[in-house]
Amino acid sequence: EVTKDWNGADQVAIRSPRGASVRVCLHGGQVVSWRNDRGEELLFTSSKAIFKPPRATRGGIPICFPQFGNCGTLEQHGFARNKIWTIDEEAPPLNYGDNNNNKASVDLLLKPSEDDLKCWPHCFELRLRVSLSMDGDLSLISRVRNVNGKPFSFAFAYHTYLSVSDISEVRIEGLETLDYLDNLSQRERFTEQGDAITFESEVDRVYVGSPGVIAVLDHEKKRTFIVRKEGLPDIVVWNPWEKKSKTMADFGDEEYKQMLCVDAAAVERAITLKPGEEWTGKLELSAVPSTNCSDH
Ligand code: TA6
């Protein structure tokens, strides 16, 4: 159903017959909540989030487009997360049960305004389909189309704030042996040596050429997030830890212990679209009980 969010923009909720739910704000095209069948919130949102444009709410899944980070001419992470999107009337939504769909979806659309074209002169359409499956899996499919302008290149990331119980009890499996660019040392390239990534200090890395599936294991909650992606070759892993947290006005000093950003992304190599071409980036998130944390 459609309600109004904190700044009066529409917010669309999907509820599955088994109790899971997802909420999407048209401000930023941002998923702001994903709850499982027991109503547990699976995404992190800061208690100090600043709910007013043009900032993106600190949490959920902000859409980073057409730029990632601050290496470019646009604001940090691009403008998409700071714009009001519209419901895409051209896309027929999925509903549970309709021709035996096991998903329900909402479709959003972002097109450049005259102002946007001044700062990024490319004729694009960005369509986002957010779906919730009967099993409570969340999927986001983004399609960027070059609407017959000149060729353009962009970066993209689903800036996903996972809610965890205690960051020091969290590990990521699936990124072993990969190279990563370390944002804490001018994006210098390293190779991951560990058998799994654990967290004892600030981490801000772009793992490049990562596999289609990775697992984020939350030991204390006995929960594993499975991250599946297509068209997004990189995974950004970020935890600000204590010192950086204190510099962020919209983030609590201790909140780094309850969150981990694991962003399916296309960052190392920009995506280029010729006129009429379309790119698709898919993310699917599942949260599964992990009896003992090694199986997934
Ligand atoms: O996740 C990578 C990163 O670029 C970090 O360096 C940090 O800046 C984070 O994104 C948050 O960015 P934001 O603009 O949302 O504060």
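These legends describe close-up views of a predicted model.

Residues are numbered from 1 along each chain as its sequence is written, and side-chain values use heavy atoms, with hydrogens and water left out. Because the model is predicted, local features need pLDDT of at least 70 and side-chain atom pairs count only at pLDDT 80 or more, while totals for chains, interfaces and linings use all residues. The mean pLDDT of the protein chain is 93. Of its residues, 98% reach 70 or more. Here pLDDT is the predictor's confidence in each residue, from 0 to 100. The scores are ipTM 0.97 and pTM 0.95.

View 1. His77 sits in the loop between strand E5 (63–64) and strand E6 (86–87). Strands (E, at least two residues) and helices (H or I, at least four) are DSSP runs, numbered from the N terminus. The relative accessible area of His77 is 7%, so this residue is buried (buried is under 20%, exposed over 50%, partly exposed in between; 1.4 Å probe, protein chains only). The His77 side chain reaches the backbone nitrogen of Gly69 at 2.8 Å. Leaving out residues up to four places away in sequence, His77 touches Ile63, Cys64, Phe65, Gln67, Phe68, Gly69 and His159 (heavy atoms within 4.5 Å).

**View 2. The annotated binding site.** An unreviewed UniProt entry annotates Arg58, Gln76 and Arg81 as "binding site". They span 24 residues in sequence, yet no two of their C-alpha atoms are more than 13.4 Å apart, so they gather at one spot. The lining of the largest pocket includes Arg58, Gln76 and Arg81. A pocket, on a 1 Å grid over the protein atoms alone, is an open set of points with protein on both sides within 12 Å along at least five of seven lines; lining residues have an atom within 4 Å of a point. UniProt positions follow the numbering used here, feature names are shortened, and annotations may be inferred rather than shown by experiment.

**View 3. Two buried arginines.** Arg58 lies in the loop between strand E4 (30–35) and E5, and is buried at 14% relative accessibility. Its contacts include Tyr161, Trp238 and Asp250. Arg81 is in the loop between E5 and E6, and is buried at 13%. A polar atom of the Arg81 side chain lies 3.3 Å from the backbone oxygen of Gln76. Among the residues that Arg81 touches are His27, Ile63 and His159.

**View 4. Backbone geometry.** The peptide bond from Phe65 to Pro66 is cis, with omega near -5°. Pro66 is in the loop between E5 and E6. Asn148 is not a glycine, yet has a positive phi of about 55°. Asn148 is exposed, at 59% relative accessibility. Trp241 also has a positive phi, near 55°. Trp241 belongs to helix H2 (residues 241–245) and is buried at 18%.

Conventions
A polar contact is a pair of N or O atoms within 3.5 Å; within protein, one must be able to donate a hydrogen and the other to accept it, and residues adjacent in sequence count only if both atoms are side-chain atoms. On a 1 Å grid over the protein atoms alone, a cavity is a set of points where a 1.4 Å probe fits but cannot get out, and a pocket is an open set with protein on both sides within 12 Å along at least five of seven lines; lining residues have an atom within 4 Å of a point.
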